[in-house]
Amino acid sequence: MMDDCGEDIVFSLVVYNEFYWEVESFKSLLSSYYKSGTSKSLNVYIFDNTVIQKKNEEPYFEKINIKYLAFGENMGISKSYNYLVDVASNEGFEWIVFLDQDTRLSLDFYHKYIETISELNLKKVDIAVPIVKSGTKILSPSLYKNYRTKLLDSIPSIICLNDYSAINSGLLINCEFFSKVGGYNEELFLDFCDHDFFLKIKQYRKSIFVIDTELQQDFSAETDSMDKALTRYKLFIKDLNSFKRNRNQLVLLFLVDIPHLLKLLLKYKSLKFLKYRLNKK
């Protein structure tokens, strides 16, 4: 019965400037799927946000049903996830998992998610998250107060959304519930979209389940280039301006905006970040 749940779920992966079959999350997803020994096929959606598509021959993967989606532009995380859920719902999938290209999944990942769906169906629960680490530190779920996260040493099996938030990667959610909540805020391109989404979920659910598996988030792709950091900062400010609407702007200014700016000023020792921030007031 648990194995039958594999027909109800699709794993979705958003990639950028990489061949999807070369990214860590896809490779580790396949490893965990093949290790499970299931007779069911694996359903995977690839949403490619690469602006200029690179040409290469796509390899064949046994028992893997892949749907590749690309529009020749970077639509951002929120629009990508919303589109993926629309496609999944139209194709009859009840559950969807969101994956980041830089997340390494555990070998028991596939089995744990199928097992979790079986449990959630019995308990009529519609959302769950894994534990995501960077090295030995738990990144998600985390305490979330005044729009700031505080990392924890351990995570309970059920978390209260009044106190916690989580990141997107590894999120397991029922497609119908996703639509009921209203999906991701498409004004948020990258930053804050996960916390904004969980603040919306909080209006419908007091708590969510934590899946008994650990994912590893890889930050090695982050660059020390100041020019790239400045481009990334511009996206951060754009998202911050969207996120702070109807929220406590003073708290966001002193606990999120200014600390983030100071961190960049200290790291890169350049006033370009400050000049850009002052021009965007």
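Helices (H or I, at least four residues) and strands (E, at least two) are DSSP runs, numbered from the N terminus. This is a predicted model, in which local features need pLDDT of at least 70, side-chain atom pairs count only at pLDDT 80 or more, and totals for chains, interfaces and linings use all residues. Residues are numbered from 1 along each chain as its sequence is written, and side-chain values use heavy atoms, with hydrogens and water left out.

Start with helix α1, which covers residues 24-36. The expected span of a helix is 1.5 Å times one less than its number of residues. For the 13 residues of α1 this gives 18 Å, and the end C-alpha atoms are 18 Å apart, so the two agree. After α1 comes G37, with a positive phi near 75 degrees.

Which residues of α1 are buried? Buried means under 20% relative accessible area, exposed over 50%, and partly exposed in between (1.4 Å probe, protein chains only). In α1 the buried residues are S25, F26, S28, L29, L30, S32 and Y33. They pack against β1, β2, β3, β4, β5 and α3, where contact means heavy atoms within 4.5 Å.

Now turn to an open sheet of three strands, in the order β9-β8-β11, with antiparallel pairing. Because β9 (148-150) and β11 (164-165) stand at the edges, each with a single partner strand, one side of each lacks a neighbour in the sheet. Two strands pair if DSSP finds at least two bridges between them. Strand β8 (residues 142-145) has three bridges to β9 and two to β11. Y144 has T149 in β9 as its bridge partner, while S142 stands opposite S165 in β11. A hairpin is formed by β8 and β9, with two residues between them, and N146 in the turn has a positive phi of about 55 degrees.
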